[in-house]
Amino acid sequence: MEELTGFQRDILYVISGIEEPYGLAIKDELENYYDHEVNHGRLYPNLDTLVENDFVEKSALDRRTNSYTLTESGYQALETRREWEDQYVQTA
């Protein structure tokens, strides 16, 4: 997980938390969080990197749309990250 950018980590969180994780749905969730446009030239290369690094699996929904799901490595990376964050984040 330490080799990932913050944006790539955010993509993992979004994929793990939405019902239908396809490109435009992921893009919409990120834009809601960042409160500005996330362009395709930023999103899709980062999705491809996550696929190449075995955090995400890509499959075709139809001829134009891909679906993205976390792999076991992706889930483990998020769990490890959450455990690390919990050491430093104090709840009220």
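Author: The crossing of H1 and H2 is right-handed, a crossing being right-handed if the near helix is turned clockwise from the far one by less than a right angle, and left-handed if anticlockwise. This is a predicted model, in which local features need pLDDT of at least 70 and side-chain atom pairs count only at pLDDT 80 or more, while totals for chains, interfaces and linings use all residues. Residues are numbered from 1 along each chain as its sequence is written, and side-chain values use heavy atoms, leaving out hydrogens and water.

Helix H1 covers residues 6-17 and helix H2 residues 23-34, and their axes come within 10 Å and cross at roughly 120° (helices are DSSP runs of H or I with at least four residues, numbered from the N terminus; axes are lines fitted to C-alpha atoms over the stretch in contact, with angles from 0 to 180 degrees between N-to-C directions). H1 and H2 are therefore oblique to each other, since angles under 35 degrees count as roughly parallel, over 145 as roughly antiparallel, 65 to 115 as roughly perpendicular and the rest as oblique. On the H1 side the contact (heavy atoms within 4.5 Å) is made by Gly6, Phe7, Asp10, Ile11, Val14 and Ile15, and on the H2 side by Ile26, Glu29, Leu30, Tyr33 and Tyr34.

H1 also packs with helix H4, residues 72-86, at an angle of about 110° and with the axes 11 Å apart, which makes H1 roughly perpendicular to H4. Their crossing is left-handed, and here Arg9, Leu12, Tyr13 and Ser16 in H1 meet Leu78, Arg81, Arg82 and Glu85 in H4.

Methods:
Helix = DSSP H or I, 4+ residues; strand = E, 2+ residues; numbered from the N terminus.
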